[in-house]
Amino acid sequence: MNVENCPRCGRVFAKNFRDICPACMKDIDNQYETVYKYLKENRGCTISELSEATDVPVKQITRFIREGRISIRSAPNIGYPCEVCGTPIREHAMCESCRLRLAKEMQNSDEDRQRAEANRLKENQISFNIKDRLQDRFR
Ligand SMILES: [Zn+2]
Ligand SMILES: [Zn+2]
């Protein structure tokens, strides 16, 4: 049996298909119900108001939104923090400027890798030529 500590409460549980223990599962389901109900009746609230009213951490509400369990399409004041800089956003995991920056950084490291690879090939070529020449000399 695959037994593990629950990352949420620390209790030991049999790991099946879930990453957290059954008690936490139930807890989160309850939190979801509370958030869902409150949001349905208070569409104009912000995420911190929602968190305060329901006693559910912003982080957990964020998770509900990101998982698609809670829709914020009809709640115009709800935003959750960008994973990198904390700017309130309403879609994706990061704000647009962080996404752009990350895309750029990824492109740069790609270019770096290509340059390193080209250098390595060139060096191999040179040492190969030297070896060839040495072999010629001792023939
Ligand atoms: Zn747990
Ligand atoms: Zn950001």
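Which residues make up the largest nonpolar core? In this predicted model, where local features need pLDDT of at least 70, side-chain atom pairs count only at pLDDT 80 or more, and totals for chains, interfaces and linings use all residues, the answer is a set of 11 residues: Val 35, Leu 39, Ile 47, Leu 50, Val 56, Ile 61, Phe 64, Ile 65, Ala 75, Ile 78 and Tyr 80. Residues are numbered from 1 along each chain as its sequence is written, while chains are lettered from A and ligands numbered from 1 in the order in which they are written.

A nonpolar core here is a set of buried Ala, Val, Leu, Ile, Met, Phe, Trp, Tyr and Cys residues joined through C-beta atoms within 7 Å. Buried is a matter of counting: 20 or more other C-beta atoms within 10 Å of the residue's own, against 12 or fewer for exposed and anything in between for partly exposed, with C-beta atoms placed from the backbone. H1, H2 and H3 each supply at least two residues of this core, and H3 gives the largest share, 3 residues. Helices (H or I, at least four residues) and strands (E, at least two) are DSSP runs, numbered from the N terminus.

Now for two of those helices, side by side.

| Helix | Buried residues | Exposed on the other side |
|---|---|---|
| H2 | Ile 47, Leu 50, Thr 54 | Ser 48, Glu 52 |
| H3 | Ile 61, Thr 62, Phe 64, Ile 65 | Lys 59, Glu 67 |

Take H2, residues 47-54, with Ile 47, Leu 50 and Thr 54 buried. Those three cover an arc of only 60 degrees around the axis, so they sit on the same side of H2; the arc is that of the directions from the helix axis to the C-beta atoms. The buried residues of H2 pack against helix H1 (22-41), helix H3 (58-67) and strand S3 (80-81). After H2 comes Asp 55, with a positive phi near 65 degrees.

H3 has Ile 61, Thr 62, Phe 64 and Ile 65 buried. Their arc is 160 degrees seen down the axis, so they line one face of H3. They pack against H1, H2 and S3. Gly 68 follows H3, and its phi is positive too, near 85 degrees.

Zooming out, the domain assignment (automatic or from a database) gives domain 1 (19-81) and domain 2 (95-139). Their C-alpha centres lie 48 Å apart.

Note on methods
Two residues are in contact if their C-beta atoms, placed from the backbone, lie within 7 Å.
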